[in-house]
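Here's a quick tour for anyone meeting this structure for the first time. Take a look at the model, then read on.

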Amino acid sequence: FHFVISGLTMLVAWKIGFSGHDGWQIWVIYILLFFRGLGCGAYYVMPALMIADAVDFSEWKLGRRTDGIAWSVNSLAIKITMALCTIVGYALISVSNYKAGFVPDGSKAAFTTQMWVFFAFCGFPGIFYLLSAIPMFFWDLTGKKKEQMQADLKLKWAAEKGEISEDAAEDAATEEPFEEVVLSKMRAA
């Protein structure tokens, strides 16, 4: 979504420009940028969900919960990404021939500068939003596998709290339980 809206916004900006005699062009771009901003919501939600699932998966398969490591690596990755984005942003703006005191005078050179700066703001991030979708195609912690993982972990945590015996938890885990089976085993214990 974000890639498509970013591309559409770049195309519209290139076709209609940023300003005209009555200034309606900038309002069209503002409306497209509003919809582009809506696509950012998934960017803030999906990584948190994927990290939580990865931490659960680690506990499920390896028996170790690594929340601290997962979130600190995420924090470090965000910092590195922000630094790289700043460098690339400055590089794209320097390619645009933008200078302090720039005034768009309607010339072709001014339009080219505006488009490069707008690409640094809109087009380039859109490309990376598309690339960020790649890990989602390989994400397999969904459906029955995720249900199985969650059910097994609930049994393990219940056994750790003393709500059910560890033998009952191991027996239930080998039966490929789903939510209803897990709850019935906990109630029976």
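How are α1 and α2 oriented to each other, roughly parallel or roughly antiparallel? They are roughly antiparallel, where angles under 35 degrees count as roughly parallel, over 145 as roughly antiparallel, 65 to 115 as roughly perpendicular and the rest as oblique. Before going further, note that this is a predicted model, in which local features need pLDDT of at least 70, side-chain atom pairs count only at pLDDT 80 or more, and totals for chains, interfaces and linings use all residues. Residues are numbered from 1 along each chain as its sequence is written, and side-chain values use heavy atoms, with hydrogens and water left out.

**The overall picture**

- The protein has nine helices and zero strands; helices (H or I, at least four residues) and strands (E, at least two) are DSSP runs, numbered from the N terminus.
- Read from the N terminus, the elements go α-α-α-α-α-α-α-α-α.
- Of the 189 residues in the protein, 26% are buried; buried means under 20% relative accessible area, exposed over 50%, and partly exposed in between (1.4 Å probe, protein chains only).
- Among contacts with a separation of 6 or more, 63% are between residues 24 or more positions apart; a contact here means heavy atoms within 4.5 Å.

**The α1 and α2 pair**

- Helix α2 covers residues 24–38, and α1 packs against it at an angle of about 175 degrees, with the axes 9 Å apart.
- Those axes are lines fitted to C-alpha atoms, for helices over the stretch in contact, and the angles run from 0 to 180 degrees between N-to-C directions.
- On the α1 side, the residues that meet α2 include I5, L8 and V12.
- On the α2 side, the residues that meet α1 include W24, V28 and F35.

**A nonpolar patch on the surface**

- F3, V4, I127, F128, L130, L131, I134, F137 and F138 make up a nonpolar surface patch, with about 940 Å² of accessible area together.
- The elements giving two or more residues to this patch are α1 (2–16), α5 (108–132) and α6 (134–138).
- The largest share, four residues, is from α5.
- Patches are built from residues with over 30% relative accessible area and no salt bridge, joining like charges within 9 Å and nonpolar side chains (Val, Leu, Ile, Met, Phe, Trp, Tyr) within 5 Å.

**Salt bridges**

- Side chains of opposite charge can pair when their charged atoms come close.
- The count of salt bridges comes to seven, each one being a side-chain nitrogen of Lys or Arg within 4 Å of a carboxyl oxygen of Asp or Glu.
- R65 pairs with D56 at 2.8 Å, N to O, and R65 also pairs with E59 at 2.8 Å, N to O.
- R65 is partly exposed at 40% relative accessibility, whereas D56 is buried at 13% and E59 is buried at 6%.
- E59 also has a salt bridge with K156, at 3.0 Å, N to O.
- K156 lies in helix α7 (residues 143–161) and E59 in helix α3 (residues 40–62), so this pair ties together parts that are 97 residues apart in sequence.
- K156 itself is partly exposed, with a relative accessible area of 28%.
- Salt bridges link D56, E59, R65, D67, K156 and E160 in a network.

**Two residues to look up**

- D53 belongs to helix α3 and is buried, with a relative accessible area of 10%.
- Although D53 and L141 are 88 residues apart in sequence, they are 7.2 Å apart in space, C-alpha to C-alpha.
- Setting aside neighbours within four places in sequence, D53 is in contact with W139, L141, K146 and M149.
- N97 is not a glycine, yet it has a positive phi of about 65 degrees.
- You'll find N97 in the loop between α4 (67–95) and α5, where N97 counts as exposed at 53% relative accessibility.

Terms used. Areas by Shrake-Rupley, 256 points an atom, 1.4 Å probe, with all protein chains shown as cover.
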